[in-house]
Amino acid sequence: MSDGTLRLLLGDQLTPAISSLRDCEPGKDTVLLAEVMAEATYVRHHKKKIAFLFSAMRHFADELRQAGHRVIYVTLEDTGNTGSLFGEVSRHIELLRAGRVVVTEPGEWRLRSDMQDWQARLGIPVEIREDDRFLCSHADFGAWAAGRKELRMEFFYRVMRRRYRLLMDAAGEPEGGRWNFDSDNRHPLGNDMAIPRHPAIACDETTREVLDLVGRVFAEHFGDLEPFDFAVTRRDAERLANWFLRYALPRFGDYQDAMRQGEPYLFHSLLSPYINCGLLDPLRLCRDAEAEWRAGRAPLNAVEGFIRQILGWREYIRGVYWLEMPRYAETNALDAHRPLPWFYWSGETTMNCIAQVVGETRRNAYAHHIQRLMVIGNFALLAGITPAEVEAWYLAVYVDAYDWVELPNTHGMALFADGGRLASKPYAASGKYIDRMSDYCDHCRYDVKQTLGGTACPLNALYWDFLARNEQRLGRNPRLAMPYRNLARMPADQRQAIAQKAAQTLATLDTAQPPESDQPTPPQPGQQTKGRKIKPRAAQQQPKFL
Ligand SMILES: Cc1cc2nc3c(=O)[nH]c(=O)nc-3n(C[C@H](O)[C@H](O)[C@H](O)COP(=O)(O)OP(=O)(O)OC[C@H]3O[C@@H](n4cnc5c(N)ncnc54)[C@H](O)[C@@H]3O)c2cc1C
Ligand code: SF4
């Protein structure tokens with residue numbers, strides 16, 4: 001056995017300075033990247049997501065070779081590919097006679113706990129290093145959370161602002177005299193507001209090969225593969241970041257919560273896939289955004305809002321995930337057990353807001369935060385859909401989805417399935433919110449102003465019914481005092497009519513079935529998905545799309 005080290009890199013670890021490469025000896029050690037079937041299919045990821053990661057991995061392997069590393073890259077169809085990460089590590093230890101494995105911890109509990117056994121199974125040392133590309137370590141988050149009855153992002157964010165001295169004045173106070181400008185950031189879009197066109201990156205030969213592979217092998221997965229215009233190199237991702245800072249950041253704050261039919265991107269950055277896979281550095285993005293404000297090119301509400309998403313929300317979400325897993329994923333505080341409606345995959349629903357967002361998700365593997373939270377997530381919350389099914393959907397369909405970030409956002413923020421560990425109240429809304437923040441209702445067959453009757457917006461009755469159904473659990477939440485006061489003032493016959501209307505809507509969800517040709521192939525009982533064993537009754541809608 002040689003004393004060389006095998007350094008395994010995962011698909012979201014495409015950073016030259018990552019901890020697993022830190023003491024790499026190019027003449028002695030080997031870096032391994034592998035496209036494996038198990039990771040591409042444990043949920044049926046969107047075709048664009050698989051293509052993005054495979055192409056970015058292939059380009060990163062070239063980047064490492066150019067920097068002098070010895071790299072082994074295993075493509076999905078290489079002869080001998082065992083189909084799993086453990087299989088590939090094991091095979092290459094034999095081939096290289098490596099004496100040690102070094103890896104940076106993965107972003108999923110499922111894989112992290114699997115790796116704990118590798119040392120025993122491989123019979124050589126396996127070192128799992130912390131992922132210090134994040135701005136708050138597990139230990140620091142644990143110390144911040146210790147002894148707190150409630151975890152709230154806002155207080156965590158202030159600690160992080162101070163620690164990294166972002167948007168702080170010389171006296172150590174927040175610039176502009178406030179920590180948070182969120183209340184300035186809720187404008188609907190005016191009809192005449194021009195939206196900048198996000199640049200598209202052209203495919204090179206490597207990406208074309210990957211698109212061909214994904215088109216053949218993953219044809220049954222959800223989503224359109226083309227047009228494909230993601231950046232797959234660090235240089236192109238940085239070009240997109242610079243474009244955002246210059247052309248979209250100035251308006252990012254004002255219209256952060258707005259939605260418009262046919263405009264999936266608005267002033268959002270579209271940078272999450274690159275930050276999450278390691279092509280962009282989160283701290284540098286925050287510093288670059290601050291520089292835009294200091295140079296007078298972007299207003300404070302926009303820059304503070306952007307920094308809060310990355311330094312605050314992104315780190316907080318990750319902190320909660322590692323603090324609370326694996327128990328976190330098991331909670332179901334609102335006792336939600338309805339199966340995921342088929343229209344989450346097909347987009348075939350008369351509710352225009354949902355049809356639009358599912359359609360954009362299918363085409364782009366992207367929806368912005370408010371679409372994820374207040375359209376798709378809100379419906380799942382109001383309808384009481386089983387958290388695990390909703391989470392598997394989010395993990396599959398978005399290009400930036402990894403368990404550490406998808407799970408708390410869905411389980412905690414969108415579904416309140418953690419009973420309020422992450423958010424202080426459920427983000428439940430009637431059609432009124434969607435009407436205020438978008439033009440979806442203008443194009444819908446339902447009347448958003450009506451709660452009862454055949455043409456009434458279904459979300460209105462579902463909203464009141466959600467509050468009524470959960471009164472025992474949520475009625476004393478001070479942040480819901482106003483809606484519960486309004487509910488209490490409602491005459492009994494109106495409450496009953498609303499309950500009936502909601503029950504009718506929910507009954508149509510229960511009977512809606514996928515077309516015969518698209519019958520899902522649910523995972524088998526006992527099979528692992530998302531790190532949890534599937535119970536026999538949980539027929540997860542992981543359909544085939546041909
Ligand atoms: C139900 C639900 C599921 C989500 N799943 C994911 C997911 O799988 N992966 C993911 O990266 N984000 C997820 N988010 C958070 C957020 O919606 C996306 O980060 C954002 O839409 C990405 O688009 P963008 O880059 O244009 O973001 P922008 O609006 O431009 O925001 C800038 C950056 O801030 C960060 N950010 C903003 N909000 C959050 C947040 N709540 N959590 C973590 N980072 C945040 C992202 O890095 C993002 O790129 C989810 C949100 C919800 C409500
Ligand atoms: S009327 Fe209701 S269902 Fe239709 S788009 Fe508006 S909120 Fe959605």
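Tutor: A cavity is a set of points, on a 1 Å grid over the protein atoms alone, where a 1.4 Å probe fits but cannot get out. Its volume is the space filled by probe spheres set on the points, with points joined across faces, edges and corners. The second largest cavity comes to about 110 Å³. Lining residues have an atom within 4 Å of a point, and here there are 14. Cys353, Cys441, Cys444, Cys457 and Leu459 lie closest to the centre. Helix 14 (352–364), helix 18 (431–437) and helix 19 (458–469) each give two or more residues to this lining. Helices here are DSSP runs (H or I, at least four residues), and strands are E runs of at least two, numbered from the N terminus.

The model is predicted: local features need pLDDT of at least 70 and side-chain atom pairs pLDDT 80 or more, while totals for chains, interfaces and linings use all residues. Residues are numbered from 1 along each chain as written, chains are lettered from A and ligands numbered from 1 in written order, and side-chain values use heavy atoms, without hydrogens and water.

Now the classes. Ala, Val, Leu, Ile, Met, Phe, Trp, Tyr, Cys and Pro count as nonpolar, Asp, Glu, Lys and Arg as charged, and the others, Gly among them, as polar. The lining of the second largest cavity splits into 11 nonpolar, 2 polar and 1 charged.

What sits there? Ligand 2 does; that takes more than half of its atoms within 2 Å of the grid points. Its shell (a heavy atom within 4 Å) is Met351, Cys353, Gly431, Ile434, Tyr440, Cys441, Cys444, Tyr446, Val448, Cys457 and Leu459. That shell has 10 nonpolar residues, 1 polar and no charged ones.

Now the surroundings. The structure holds 3 cavities of 30 Å³ or more. Strand 2 (30–34), helix 1 (37–41), helix 2 (47–66) and helix 4 (109–116) each supply at least two of its lining residues. Helix 2 gives the most, with 5. By class, the lining of the largest cavity has 16 nonpolar, 3 polar and 6 charged residues.

How values were computed: On a 1 Å grid over the protein atoms alone, a cavity is a set of points where a 1.4 Å probe fits but cannot get out, and a pocket is an open set with protein on both sides within 12 Å along at least five of seven lines; lining residues have an atom within 4 Å of a point.
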